[in-house]
Amino acid sequence: MSDTFVVVGGDAAGMSAASKAKRENPALDVVVFEQGEWVSYAACGMPYYVKGDVEDLDDLVAVTPEEFRDERDVDLRTGHEVVDIDPAAETVTVEGDGETFDQPYDDLLVATGASAIEPPFDGLDLDGVFTIHDMDEADAIEGYVTEHSPDSAAIVGGGYVGIEMAEALSARGVDVSLYEMLPHVLQPFGDAVAEVVEDHLREQGVELHLDTAVSGFEGSERVDRVTLDDESHPADIAIVGVGVESNTDLAADAGIDLGDTGAIATDEFGRTNYENIYAAGDCAEARHVVTGEPDHVPLALTANRAGRAIGQTVTGDPEPVGGIAGTAIVKAFDRGAARTGILDEERARNAGFDPVSATVTASTRAHYYPDGAELTVTLVADRDSGRLLGGSVVGAEGAKRIDTVATALTAGMTVTELRNADLAYAPPFSPVWDPILTAAKVLDGQLDG
């Protein structure tokens, strides 16, 4: 059992681990080093702060540093960067408050998160060009929009960040153009979702440039154009949201193994190749419930859950961090889109499956009940075993139904078992055959055929 538990990184995984460890063993010394000033904040809420739905940036903070220190008795040190890990000496080297010192540990959690990818674009350093992956960036974007009232925006990347920021800036009166180098936005969600979302984005006035690569930005100190290979378009503000990369340099330099995904390799308890060093959150791999293989899907619940489990493990009661299905949901103006598991047929085949898919569109409520909406559901299964592999949903309401599919994946259910699930029914909430059940019924028929 640990006497001193040191955590590197003060966001979802790190602070969940620190809080759980201290709660399970109040006598444990828990020390958290965070190089920034923000801890335990809701990064997923940042676009809604820029939009104006969230009034104050501090509203995104779940637990303040003072609460961690005073109420949870966690030795939280913001403005302190861990610059080295020595597994042999069981110490970390820390820089902060104008000094450098070594901190011993019995157990160590690396929760260094991820950083926004910055492509080698020209003009990335111009005023008005932003990524958005931390609170300071969100605050800077909101301040820039308030101060300069931009007329036009270029959003590079059609993933979660790009879609959410398109909505946020449109709500602030900005004309938005979105640039995606792939044929569709939301590529991991599949074509059925992408096509619905793209049509809706156009209806909302977002100009889409698909299959379009951006080369950079132009302007005199402040951005005023986005450049493509052979043309340029006006852009008074630019948001680059092309993904994230794990912050693994600290771990790799210490001899901690990385996995094939590039994130830190861990076992079922979040342990690395060092028995008393753990990793969790956006910097770490986790086991995919469909393939059983390591995967890297940096999402909030994965980080919180793994951190909490590790916090319990270091107090002497081991708790697995749990598997992941890559379950995700995004709001695109008045549409919700969600996905889970394996949707890409090539990926399914590479994992040893023979994928079969079915897509249906059904009402979210009984046909006679007002205000129902169409929900498009795609399910994918393995032809030989009938095992469910993944699914997606998109529509004006009901996107959280993806949780039913995610639960089925975690349980290793077949399509037949999902089809026979006893889901709730009442006209204001669902037709007798819920859209998920309808999709399962259609797919089950294809497998039988």
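A cavity is a set of points, on a 1 Å grid over the protein atoms alone, where a 1.4 Å probe fits but cannot get out. Grid points are joined across faces, edges and corners, and a volume is the space filled by probe spheres set on the points. The model is predicted: local features need pLDDT of at least 70, side-chain atom pairs count only at pLDDT 80 or more, and totals for chains, interfaces and linings use all residues. Residues are numbered from 1 along each chain as its sequence is written, and side-chain values use heavy atoms, with hydrogens and water left out.

The count comes to one cavity of 30 Å³ or more. About 80 Å³ of space lies in the largest cavity. Its lining, defined as residues with an atom within 4 Å of a point, comprises 15 residues. Glu 285, Ala 286, Thr 302, Ala 306 and Val 321 lie nearest the centre. Helices (H or I, at least four residues) and strands (E, at least two) are DSSP runs, numbered from the N terminus. Helix α8 (residues 300-313) gives the most to this lining, with four residues. By class, the lining has eight nonpolar, five polar and two charged residues. Here Ala, Val, Leu, Ile, Met, Phe, Trp, Tyr, Cys and Pro count as nonpolar, Asp, Glu, Lys and Arg as charged, and the others, Gly among them, as polar.

A pocket is an open set of points with protein on both sides within 12 Å along at least five of seven lines. The second largest pocket holds about 240 Å³ of space. Its lining consists of Asp 260, Thr 261, Glu 285, Thr 291, Glu 293, Pro 294, Asp 295, Arg 347, Asn 350 and Ala 351. Five of these residues are charged, three polar and two nonpolar.

A salt bridge is a side-chain nitrogen of Lys or Arg within 4 Å of a carboxyl oxygen of Asp or Glu. The pair links distant parts of the chain, with Arg 347 in α9 (residues 345-350) and Asp 295 in β20 (residues 294-295), 52 residues apart. Asp 295 is buried, at 14% relative accessible area, whereas Arg 347 is partly exposed, at 33%. Buried means under 20% relative accessible area, exposed over 50%, and partly exposed in between (1.4 Å probe, protein chains only).

The structure holds 16 salt bridges. In one of them, Lys 331 pairs with Glu 167, the closest N and O atoms being 2.5 Å apart. Lys 331 lies in strand β21 (residues 328-332) and Glu 167 in helix α5 (residues 160-171), so the pair ties together parts 164 residues apart in sequence. Glu 167 is buried, at 3%, while Lys 331 is partly exposed, at 35%. Both belong to a network of salt bridges that also links Lys 51 and Asp 53. Asp 403 bridges to Lys 400, with 2.6 Å between the closest N and O atoms. Here Asp 403 is partly exposed (31%) and Lys 400 is exposed (56%).

Helix α1 (residues 12-24) is largely enclosed by the rest of the structure, because 11 of its 13 residues are buried. Among them are Met 15, Lys 20 and Lys 22. The buried residues pack against β1 (4-8), β2 (29-34), α3 (65-70), β3 (75-78), β7 (107-110) and α8, contact meaning heavy atoms within 4.5 Å.
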